[in-house]
Amino acid sequence: MKGWIIYEKKDAEKNIAFISRLSAELAKYDIEAKLVFLDSEPKKETPSFAINRSRDHKIAERLEHKGVKVFNESALTKLANDKRKMWEFFEGKVPQMKLVSDYPFVIKSLDGHGGGEVFMVNSREEEDKAVLALGTKDYIKQEVCSDLGKDKRVYVVGNEVIAAVLRESEDFRSNYSLGGKATATELTEKELEIVEKITRIINIDYAGIDLIYHNGEPVFNEIEDPVGARMLYENTDIDIVEIFVKYIIDNL
């Protein structure tokens, strides 16, 4: 059996350890994993399955049209990588920070990730600078949560919670990649309720659900697809790749 691991080339270079771990785990099941880049998709080949780590829902749609099982499905990838669509999809279903136009607010590009292209805006001058920095990219303006520099990333495989990590930072963004610290943690009853509502609404093969806090209460922020694993490997004994690959095998 042959499967594809799909990446943008620039992201693959930064995630070579994850790719190697994924390939090695698949090899235990006699599965050959082929690394495929978005800009050089082998159009004449059809894999047995694909693991889409590219954030591009179109390649997933093309493969699904051929009957190929893609992890994550195109529907999730399309939703998770457009913050406006994601906010609208979950409006009224789980607590979220409002979309606003009055200062202060946070500007986020629709397809940003890793804490990039996120700006705290307190004035017209700061708004102009943020919009200029985004260039032609579209964005949302979102209400500022009260509890800055803190969130929980919940790792989900097959709609099941595997682990959660608390991220904290002196910056208003708590991203680990921006220097925030990470600690393994548990979910409260309210946090678990939000996560379970999300997984009942949309299928998640492997992604992160990020929760932020407003007046001490958990609020859904976004779904991270594709989610990284470095925080888990550095702060827990959980082998998320092993769990994910076992899930793939069980669902082929």
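1. Basis of the note. The model is a predicted one, in which local features need pLDDT of at least 70 and side-chain atom pairs count only at pLDDT 80 or more, while totals for chains, interfaces and linings use all residues. Residues are numbered from 1 along each chain as its sequence is written, and side-chain values use heavy atoms, with hydrogens and water left out.

2. The parallel sheet. An open sheet is formed by 4 strands in the order β2-β1-β3-β4, with parallel pairing; strands here are DSSP runs of E with at least two residues, helices are runs of H or I with at least four residues, both numbered from the N terminus, and two strands pair if DSSP finds at least two bridges between them. At the edges stand β2 (32–37) and β4 (69–71), each of which pairs on one side only. Within the sheet, β1 (residues 2–7) is joined to β3 (residues 49–52) by 4 bridges in the parallel sense, and W4 has A50 in β3 as its bridge partner.

3. K10. This residue belongs to helix α1 (residues 9–14). K10 counts as partly exposed because its relative accessibility is 49%, where buried means under 20% relative accessible area, exposed over 50% and partly exposed in between, with a 1.4 Å probe and protein chains only. The C-alpha atom of K10 is separated by 9.3 Å from that of F37, although the two residues are 27 residues apart along the chain.

4. Strand β5. In this strand (residues 105–109), 5 of its 5 residues are buried. F105, I107 and S109 point one way, V106 and K108 point the other way, and all are buried. In a regular strand the side chains alternate between the two faces of the sheet. On pairing, β5 runs antiparallel to β6 (residues 118–121), with 4 bridges, and is also antiparallel to β7 (residues 139–143), with 5 bridges. K108 stands opposite V118 in β6, and its bridge partner in β7 is I140.

5. N81. The loop between α4 (74–80) and α5 (83–90) holds N81, which is buried because its relative accessible area is 16%. A polar atom of the N81 side chain lies 2.9 Å from the backbone oxygen of T77. Setting aside neighbours within four places in sequence, N81 is in contact (heavy atoms within 4.5 Å) with R55, L110, D111 and D225.

Conventions
A polar contact is a pair of N or O atoms within 3.5 Å; within protein, one must be able to donate a hydrogen and the other to accept it, and residues adjacent in sequence count only if both atoms are side-chain atoms.
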